[in-house]
Amino acid sequence: MPRRRLIIDCDPGHDDFAAIALAVTSGAFDIEAITAVCGNAPLDRTVANALTIADALGTSIPVYAGAVAPLLHRYEFPAAFHGVTGLDSAGATLPPPRRAVAPGHAALEIAARVNAAPGEITLVVLGPMTNLALALALDPDLASKVRELVFMGGGIVGGNVTARAEFNVWADPEAAAIVLRSGIKATMFGLDVTNRAFIDTDDLARLRAAVPAPNPVADIIQFYTERSGDVAAGRVHGPSLHDTCPVAWLIDPTLFQTESLPVTVETSPGPRYGATDADRRTWAPDHLPRIDVALELDRPRLAARVTDALVEAAKRIANNA
Ligand code: BDR
Ligand code: CA
């Protein structure tokens, strides 16, 4: 079977790192570009982290820089979870990249690559949707030219950055609204499933044991584990690697159950800013664009697959060092 063609748009980010590692080590994809956006950290950091990750994994995937700021929203970068670099480690770090960012803006690159191969490119968005919204503003026809969009963002159950809003959508709600209203074929992996997408203490021990120290992959995941409020509260037994979900679904759709729902984004100022709302009435009006929303997952199988990928990444990085 031909490998699926991907562009990964991201804001690495510890779980972005895990998602890229999963995509690269799976062998299931031709990853044609990684595009970075400001989100978990300022753009210069997410670009540097994307380059570092792509290089450490031994790929030559080009990395493009995208939006420096969300369309409207301004916020403090959430260093509490990902550290000041956006990819802080509890010990060893990944080696610095040996190449530079590719020329051209991420939004233009997304548009050019989708236009060059209509119906072929799957977009995986793991951060705020600013780059894709900019691309759609330049060229609304792109919505019908992508093969599909899979994204981590939102949540019908509630939020993480506020009571109602999940970080990626909250960081740029106007961008998410533009994307979801575009009619693009999309599958959403929100907190409904990603809060439960954790690897547990046995998985972490397996990752630690995979290569002798230094093991930057284990140390990066350990930093993220130590910053998880849900781990500290005993709600989950390890870090929720949110961004792995859309990639894992592309590899094995049986890991998740989805439902087609009309989803809207709250863009009015107030406590619901950035919330995603799904109309779950069976008689919901037809005029609202529907997307597929992941609502259930097979957590043990997902965790095994993600841990396998992190182990493989740790080995590749040790060999490439
Ligand atoms: C999302 O926010 C970021 O911190 C993570 O990388 C993930 O994409 C989870 O809400
Ligand atoms: Ca992310």
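**Core.** Which residues touch the most other members of the largest nonpolar core? I looked this up in a predicted model, where local features need pLDDT of at least 70, side-chain atom pairs count only at pLDDT 80 or more, and totals for chains, interfaces and linings use all residues. Residues are numbered from 1 along each chain as its sequence is written, and side-chain values use heavy atoms, without hydrogens and water.

I found Ile8, Ile31, Ile34, Phe256, Leu302 and Leu310, out of 62 residues in that core. Helix α14 (residues 299-320) gives the largest share, nine residues. Such a core is a set of buried Ala, Val, Leu, Ile, Met, Phe, Trp, Tyr and Cys residues joined through side-chain atoms within 4.5 Å; buried means under 20% relative accessible area with a 1.4 Å probe, protein chains only. Helices are DSSP runs (H or I, at least four residues), numbered from the N terminus.

**Calcium.** Next I checked the calcium ion (ligand 2). Asp11, Asp16 and Asp243 coordinate the ion through OD atoms and Leu126 through O, at 2.3 to 2.6 Å. Donors here are N, O and S atoms within 2.8 Å of the metal (3.2 Å for Na, K and Ca); water is not among the atoms, so sites may look incomplete. Asp16 lies in helix α1 (residues 14-26) and Asp243 in the loop between α12 (229-232) and α13 (244-251), so the pair ties together parts 227 residues apart in sequence. I noted that Asp16 is buried at 0% relative accessibility, and Asp243 is buried at 2%.

**Ligand 1.** Asp16 turned up again: a side-chain N or O atom of Asp16 is 3.0 Å from an oxygen atom of ligand 1.

How values were computed. Chains are lettered from A and ligands numbered from 1 in the order in which they are written. Helices (H or I, at least four residues) and strands (E, at least two) are DSSP runs, numbered from the N terminus. Buried means under 20% relative accessible area, exposed over 50%, partly exposed in between (1.4 Å probe, protein chains only). A polar contact is a pair of N or O atoms within 3.5 Å; within protein, one must be able to donate a hydrogen and the other to accept it, and residues adjacent in sequence count only if both atoms are side-chain atoms.
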